[in-house]
Structures are given as structure tokens and as C-alpha cells.
Amino acid sequence: MNETTAGSILTTEGIPLKVSLQKAERRNKIRAILLVAPLLLFILFTFLIPIGDMLLRSVDDSYINTVFPKTFKEYKKWDRQDLPSEELYKTMFFEVKDSEGYAIGKASTRMNYAKSGWKSLLKKSKRKFKKIEEGPYKEQMIAIDKKWADMEYWKALGVMVDATTAGYYLNAVDLKYNVDKEVVRQKENRRIYNHTWVKTFKVSILVMIFCLMLGYPISYLLSTLPLKYSNLLMICVLLPFWTSLLVRTVAWMVMLQQKGVFNNLLVMSNIIADENRFKLMYNETATIIVMTQILLPFMVLPLYSVMKTISPNYMRAALNLGASPLHAFWKIYMPNSVPGISAGCMLVFILAIGYYITPELVGGKDGQMIGNWIAYHLKTTLNWGLSAALGAILLGVLTVLYWVYNKLVGIENIKLG
Amino acid sequence: MGSSDSFVKFDKVDKSYDGETLVVKDLNVDIPQGEFLTMLGPSGSGKTTTLMMLAGFETPTGGEIYLEGEAINKIPPNKRGIGMVFQNYALFPHLTVNENLAFPLEVRKLNKSEIEEKVKKTLDMVELGEFGNRMPLQLSGGQQQRVALARSLVFEPRLVLMDEPLGALDKKLREQMQYEIKHIHERIGITVVYVTHDQSEALTMSNRIAVFNDGKIQQISSPDVLYEKPENAFVANFIGENNQLKGKVKSINGKNCVVTTDHGDEITSLKINVNSVGDSSTVSLRPERVEINATEGNFENSFNAKVKELIYLGDHIRTRVEVCGNDQFIVKVPNSYKGANLKEGSTVKLSWKASDSRALDLR
Ligand SMILES: Nc1ncnc2c1ncn2[C@@H]1O[C@H](COP(=O)(O)OP(=O)(O)OP(=O)(O)O)[C@@H](O)[C@H]1O
Ligand SMILES: [Mg+2]
């Protein structure tokens, strides 16, 4: 019998209802956790930890502190007015002499970011220090290389004494620390990232707009056709997924080159003169054309799935109420397809902004995007700190965009399928 | 060749979707102004198609439709000025109730105060005055239905079409809405073409009912005539309950004729849909027009019948008997002393008047 004692309801067996309910739900909770656990672990190890690592790496400056711990301790006593004391020279001497060769190599790469010249200086010194038996060291070091008497080099060390640095982020937007740890602009000829950022956004937005312009009518057609035709058309839209990205990109190269199919056709049909062939390959135009084609399905799929749910009766009702077809479309159909537009644009934009392989292959010098620089520093210069900073900025920008979008349109207005 | 006295006119209208079969065949209807006409018929009989042609969403394959004497085949739906209530309401989900109602008025470029006033007035008419700022999905089915009705009326169309507008409602709400629609029709005197496949709905609401079957109008007349005087076997069978006795015409005598059933019994009936002696015929007869063991009165037809089954229904007893070779013959016996005496297996005498039995075509 259900009884109420002291305000709590009891079950038939006399256990408080709340306790009994919790017990029943605990099993469900455990089951749910067990079901998602594999995926959770997978994501943890392959996504969250790497991203965390990337974020740390973008500010990490600790390695050099492990190579020159004593020097940096001594360095902090220096007044930065005159050349350092014999003591600082001495610790530096021993730490360079006693360290492993590769550690000095790695550290000097980092020191070179702060002041170029450090790398060659340390390389030379490491070799020559072996011959020096006893002090005082200051004069002997300066005798090996005059740079040891250059205040700039000593000052530049000050940028690195902390275990964290904003230097990579500064680099990522064409700024840097000077030797006095003041933020200054990069030299004119080394400013590359800001305009790459601008271009990356420009290309992504254009690709998104072109995908929307091309994808919207197709999706509309797909959603209104009888199933047997719409299935066939859908297969055509998804065809790009069936061929490798590389094959498709190479096919575009064949199409768009100056001596390619497209230009040949125009010349053959006398539309343009032989010497006026369009430059459609290895530039920004090529990047935009090819990326639009590759990303189009990501626009069509969410649009289609949303449009499929819009009853044709809405349009009919609007016409019946006296609206012209255009007005009916604009006021009734379009607003109802907004979740699909949002989802499609978001997908395409996010994919486009980090795109790498297509600009690499067809973009030439002028069509490179930020993803290409990330890859470049990751693979060629091994400046992982800068790669990580560029990646982190990308992540940050997307998060901000997402937040703004949520404020403006509302995240519930996204429908992916 | 529009006619001046009819408001809507279908003139020899045909419609085919696939070029092979006609879903509407040679449709001829005249609808006078202010009428409530219901199209009633089984599923797939072409009701929606007819309505869609009138609204302009389908074009007739042949023939012409006239509205107030003007041929409208070539006029696009948005220029026809016809209101419509769709089966699932088709309220715009991203607009509030007020905005839904204002839509047709904004399209017509009315000024703001006028729009507000009309929206308010129409919402009050369907008793939803306070719900103007709700979204359609925040309303119950019946309320949505009323909004759809209000939206189809707010721009004062010449004609309103309704395609099974109450199909999604439960029985009680349905009946309530039937009366509301009927009252609104009576109050503002608008012409309504209504589609349903529910015969009781058609009977309660309409001035006239057009019974559709197989793309053709079988009969078009007022509810009482349709029920009392069906002109063919399909209508007799489709509207209300009815007993059918099959046979051949033996003789014709003015208004009446005699039909011999396959069992050999001779039934005197009104001659409705038979032409000559020897024609096959279905004699149709309403269950409530048959008397059991009548002691007085003047009946042309009297036969012995065997009681097969009694179903107690409170106010009357539904009695299934075998008569003239038909063992599905139903008689409604009032629950009085007469009904109380009936026993399954007993023999009774059934009588009915010639004027209540109608000799129709064979089906
Ligand atoms: N768009 C279409 N294309 C092809 N055939 C159609 C189309 N619409 C309807 N039909 C066919 O036309 C016939 C009549 O359909 P209609 O919708 O007019 O029937 P209805 O009387 O409204 O039936 P219900 O009571 O089920 O709504 C049906 O056989 C149907 O299959
Ligand atoms: Mg229908």
C-alpha cells in the first residue's frame, strides 16, 4: 500500500519512492555510460588530448629553460646596461660545452626566432669551446666570435627566460618581440600571415556563397521531384564522394590549365584569342572553383533534408492567399529553409577555412590558405609552436563565429539531417 | 459561354494526370452564389483534384471552369481570390497567428490599421481573439483549424474551398467545428465548396451534396433528397444504410414497376433507374421503412422472413432477417413491445410501401 510518512511517498514495499526511483535510474545511467564509453575514450585520446597539447605547445617555451637553467638564473641578475659579468659568461660557457649536441641545436633554433644569428653562433662556439681549458672565459669567448660582445644577443635571451611565451601568437599575426621584449611589427618583407588570414576568410566566404547559390536550386529540385528521379539526381550530387579527392583535383587541373580543355574550347570556338587564354589554374580563382565543387555536397545534403520536410502546401497556401510566386518563396519558403541554409553554410565554411590539400595543389603561390602555412611549419620548418598558434587562432575564430551565430540565429535553427 | 446565374460553373471538365486514365470525367456543375456545396465520395474519386482545379493548382485537361461568368483556366492561383483551407491547415509555422492572418492582407497592400482591424475582427469571429501572438504550433488541433479557417476568410474572398478540414480532429471537436463552420457560412453568406468523405458531416452542413464516384458526379441534390430519393445504386448504398434486392423488371406501370427477384418474389417499386421490361435492377429500401408484423396500413409489398440475428442497440433493435433470398436484410425495430417479442429463428412478416422501395440500376 502506498503510504505517506513524514512527507515522503513510499512504494508498495515501503522503500521511499525517491530512493527506489534513483535505484532504477542508476542502472540506466550506467548502461548509457557504458554505451558511449568507447567513443568517449576514442575522442579523448585522438581529439581532446591532441587539441590540448596543441594549445599548450602554442605558448610553451620551456625547452630552452631545460638546456640553460643556470644561465637563465644568472641572467636574471643582469642589469641590461653593460655587457654581462664574467659569471654569466662562465655559466653560458659550461652549459654550451657540456650539453648534448642535439639539445644545443634545438635550443639554438628557438633562440634564432628571437634574434637571428644565434644558431650559427652556438654552432661555431660549441665546436671551439672544446679547446678552452680555463678561465676567465669572457675574453676567450669574444675572441672566438665578436657576437659574444654584442648586447643585442644577450638582450634577446630575455625574451625566452619565461617558460611560456606569446611569441608564436604574435608571429601568427605578423608581429614579434624585439630584443627588449616589446611588441613590434615584422619586417616588411616577412609579413605573410595577415594577408593570408584575410585571403583564407575571403576564399571560405566566397566558396560558401557559391555553394549556397549552386546548391539551393538543386536541393529545391531534389526535394520536389518524385522519389525515383530525386534518387538518381542525389547520386549525381554525391558522385564527388565516390572519387578520390586527388583524382578530382587533378581532373580540374586538366580542365583549367592555360593549355587545358576549357581554354582550348574557348580558343577553338574563337571566343578568345590564343594569346588571351584565361589564367584559371595555380591562383586564387582555381582554389575557389575547385573547392566549391568539392564542398558542394556538404551544402546540398542539409538543405535537401530540410526542404524535404517543408510541405508543398505552404507554397500553395501562400499563392492561394494572393502572394506572387516570388513573394511566396521569399516570405514563406525561404524562412522555413533557414535551418538547412545555416547548417550547410556552417559546414562548408568550417571545412573551407581549414582546407589544405586543394589550395596546395591548384592554388599556386597566390591561392595558399592558412592551412598550407600550418602544414608548412609542421613539416618543413618544424616550428610546431607557430603551427599550433595558427591552429589555435583558427579554432578561436570558429568558436567566436559559432557563438555569434548562436546569438543571431539560434543554434536550434541548424538541422543537419 | 459562362452562365450568368451560376457563380461557379464546371463545364465538361476532364482531368488526367498520366494521359491514360481520367480521374475526373465530364464534370458539369453549377454552384449558385452563397451555396454550401459538399463533394462527398470514397477515397480516390477525384474530389481533391476537382478542388485543386478550382483553386488553380491543377489545370483541367479538357473543358472550362467559370467563376462569376469569367473563364479562369488561365488565371494563376494567386490572382483568383479564392480562399482555401488545407487538409493539414498549412499554417505558416514561422509566423504568429496574427502574421498568418495578416499575410493575405499585406500582399494586397492594405494599410496597417486596416490590417490590424480585420485580423482582430476575424480572429474574434472564430473566438481566438487572445491567441494572436501565439505560434501555430503552440495551439491545439482545433484552434489551428480555426486559425486556418480565419485565414481563408480574412481577405473576404468570393469563394472558400475546404479540403477535409476536419479530418485530423477527434469526433467531438469535429462535430463542434461542423456547426461553427456552418454558422459562419450562414452569417457571412459566402459560397463554400467543401470536401469530405464523411457522410454525416456532409448531411449536417450542406445545402447540396455532390456524390462523387470514379471521377463522375453520381447525384447532386440536397441532403434530404439524397437520402430519401437516391437515383442510383451507388448513391443508395453510399449514403446511409440500405437493403438491396436484386432482380429483373417484369412489368412497368406508370410510376411503378414490378421486379421479380432471383428467388421468385415480386416487389412493387418506384421506377427510378430502369428503362424497359427485362432490365436487371437493384431494389433499394431503407431499413427504417420496413414494418414487422404490420396489422394495419396499406402496403404493396408483404413477405415472410426468418429472423437471423438480433442486435440490441438501446433505442432500437437491429434485426437481420432473410427475405427474398437475401440474408443480409436489415430492419430497424423500435424497442417497444413489438421488438421485445422477436426471437432468433422465428418467422415474421415484413411489409413496405411501393413508394419506399426504389428500382435502381444493377450494381
Ligand atoms: N499528383 C497526382 N499525380 C498523379 N495521380 C494523382 C495525383 N493526385 C491524385 N492522383 C490520382 O487521382 C485520383 C483522384 O485523386 P484525388 O486526390 O482527387 O482523390 P480524392 O477524392 O481527393 O480522395 P481522398 O478522399 O483519398 O482524398 C487518384 O486515383 C489518385 O491516385
Ligand atoms: Mg483528397
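Trainee: Leaving aside neighbours within four places in sequence, which residues is B:Leu54 in contact with?

Mentor: This is a predicted model, in which local features need pLDDT of at least 70, side-chain atom pairs count only at pLDDT 80 or more, and totals for chains, interfaces and linings use all residues. Residues are numbered from 1 along each chain as its sequence is written, chains are lettered from A and ligands numbered from 1 in the order in which they are written, and side-chain values use heavy atoms, with hydrogens and water left out. Contact means heavy atoms within 4.5 Å. With neighbours within four places in sequence set aside, the partners of B:Leu54 are B:Val8, B:Phe10, B:Ile65, B:Ile72, B:Arg80, B:Ile82, B:Leu159, B:Leu161 and B:Val193.

Trainee: What is the mean pLDDT of chain B?

Mentor: The pLDDT is the predictor's confidence in each residue, from 0 to 100. Within chain B, helix H9 (residues 337-340) has the lowest confidence, at a mean of 62, and helix H2 (residues 97-107) the highest, at 96. In chain B, 97% of the residues reach 70 or more, and the mean is 90.

Trainee: Which side chain of opposite charge is nearest to B:Glu64?

Mentor: B:Glu64 lies in strand E4 (residues 62-67) of chain B. Its side chain makes a polar contact (N or O atoms within 3.5 Å; within protein, one able to donate a hydrogen and the other to accept it, with residues adjacent in sequence counting only if both atoms are side-chain atoms) with the side chain of B:Asn73, at 3.2 Å. Lys and Arg count as positive and Asp and Glu as negative, with His and the chain ends not counted; a salt bridge is a side-chain nitrogen of Lys or Arg within 4 Å of a carboxyl oxygen of Asp or Glu. B:Glu64 is buried yet has no salt bridge, and at 5.7 Å the nearest side chain of opposite charge is B:Lys74.

Trainee: How many residues apart in sequence are the parts that A:Asp61 and A:Arg110 tie together?

Mentor: The two side chains meet in a salt bridge of 2.6 Å, N to O. A:Asp61 lies in the loop between helix H1 (17-57) and helix H2 (63-67) of chain A, and A:Arg110 in helix H5 (residues 101-114) of chain A, so the parts tied together are separated in sequence by 49 residues.

Trainee: Are B:Glu58 and B:Lys15 buried or exposed?

Mentor: B:Glu58 forms a salt bridge with B:Lys15, their closest N and O atoms being 3.5 Å apart. B:Glu58 lies in the loop between helix H1 (47-55) and E4 of chain B and B:Lys15 in strand E1 (residues 8-15) of chain B, so the pair joins parts 43 residues apart in sequence. Both B:Glu58 and B:Lys15 are buried.

Technical notes
Helix = DSSP H or I, 4+ residues; strand = E, 2+ residues; numbered from the N terminus. Buried < 20%, exposed > 50% of the residue type's maximum accessible area, 1.4 Å probe, protein only.
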